[in-house]
Amino acid sequence: MHKIDLNLLVPLQALLVEVNVTRAAERTNVGQPAMSASLAKLRRHFNDPLLVRDGRNMRLTRFAESLLEPVSRALGSMYDVMDQHVTFDPSRLRRRFTIVTSDYVTIVLIKPFLQSVLRMRPHVAVRIVNASDRITTLARRAEFDLLIAPSHLMPPGMLGYQSRDLFADRLVAVADKNNIALGDRVSIDELVRLPFVDSMAGVKLLDGQSPAVAAIATVNFSAALNLIMGTPMVTLIQSRLYELIGPQCGLRAVPLQGGWQFAETMYWHPKFTADPAHTWLREELGDAAAALG
């Protein structure tokens, strides 16, 4: 490969098409001396004159004629590759994206994203996958397009990947509207003494405390809201999810003393950074996140 000068493809095609050094120079917007120099290099490379005198004009050698079609095809392929970002048309996109995230992010972010996008791009599909212990291995193999999760929950192996913060949220305590055990404000010390649905199974709460009475543990946040309806149980949930589901389900939210804020961040393998379709996906999700306020 070190003997191949790919910069010579453009003048080669011009010479093969124009069969004239002057016109080839004009075609590629270079001076005639530069085109003559390119022709000399091409002749040495192919060990063929390529253009030969035929009376007052030039003609292609038989070998040069054989190059015309493959050179044009090669240049066309090169332009297709280099022009992908410029000519990328989302309305013609046909692709399924795999996103590893929670039901919370699916409801709060992915749903409005799909509502906005699919009206214009009906051939875009999204596959949602729950996070697992193998997340770092899956990321290394680029087996998903995006991981969306709070940065403080990321394993060390993920922190070196490309990332972008999407939106912030906070946790609130949620109970049935008739649950009098939960006051108008609650501390973590008080909360963990109540019958508790742990929607963040395996994750220590705030100051490292775990609930004293864990009625059930689930990694499904919307399921936690359904479980506490009409019961004395309470849970911690993201305020955005509560606002979408809680009031209609007869639930109420109580602020946490001290509170807890976090950011949902998307992570992706570096191989996707320059992918036009993937860039479009990240931009659209960023816009959807910004619209959340």
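Predicted model: local features only at pLDDT ≥ 70, side-chain atom pairs only at ≥ 80, totals over all residues.
Q: How many of the residues of α11 are buried?
A: Buried residues have a relative accessible area under 20%. In α11 they include Trp280, Leu281, Glu284, Leu285, Ala288 and Ala289. The helix is mostly covered, and the buried count is 12 of 16.

Q: Is α6 roughly parallel or roughly perpendicular to α11?
A: Helix α6 (residues 103-117) packs against helix α11 (residues 276-291) with the axes 9 Å apart and at an angle of about 110°. Angles of 65 to 115 degrees count as roughly perpendicular. Therefore α6 stands to α11 as roughly perpendicular.

Q: How many charged residues does the contact of α6 with α11 have?
A: The crossing of α6 past α11 is right-handed. On the α6 side, the contact is made by Leu109, Ile110, Phe113 and Val117. On the α11 side, it is made by Trp280, Leu281, Glu284, Leu285, Ala288 and Ala289. By class there are 9 nonpolar residues, no polar ones, and charged residues numbering 1.

Q: Is Ser38 buried or exposed?
A: Ser38 lies in helix α3 (residues 32-46). Leaving aside residues up to four places away in sequence, Ser38 touches Leu8 and Pro11. The cut-off for burial is under 20% relative accessible area. Because Ser38 has a relative accessible area of 15%, this residue is buried.

Definitions and conventions. Residues numbered from 1 in each chain as written. Heavy atoms only, no water. Axes fitted to C-alpha atoms, helices over the stretch in contact; angles between N-to-C directions. Helix = DSSP H or I, 4+ residues; strand = E, 2+ residues; numbered from the N terminus. Parallel < 35°, antiparallel > 145°, perpendicular 65-115°, else oblique. Left-handed = near helix turned anticlockwise from the far one by under 90°. Contact = heavy atoms within 4.5 Å. Nonpolar A, V, L, I, M, F, W, Y, C, P; charged D, E, K, R; others polar. Buried < 20%, exposed > 50% of the residue type's maximum accessible area, 1.4 Å probe, protein only.
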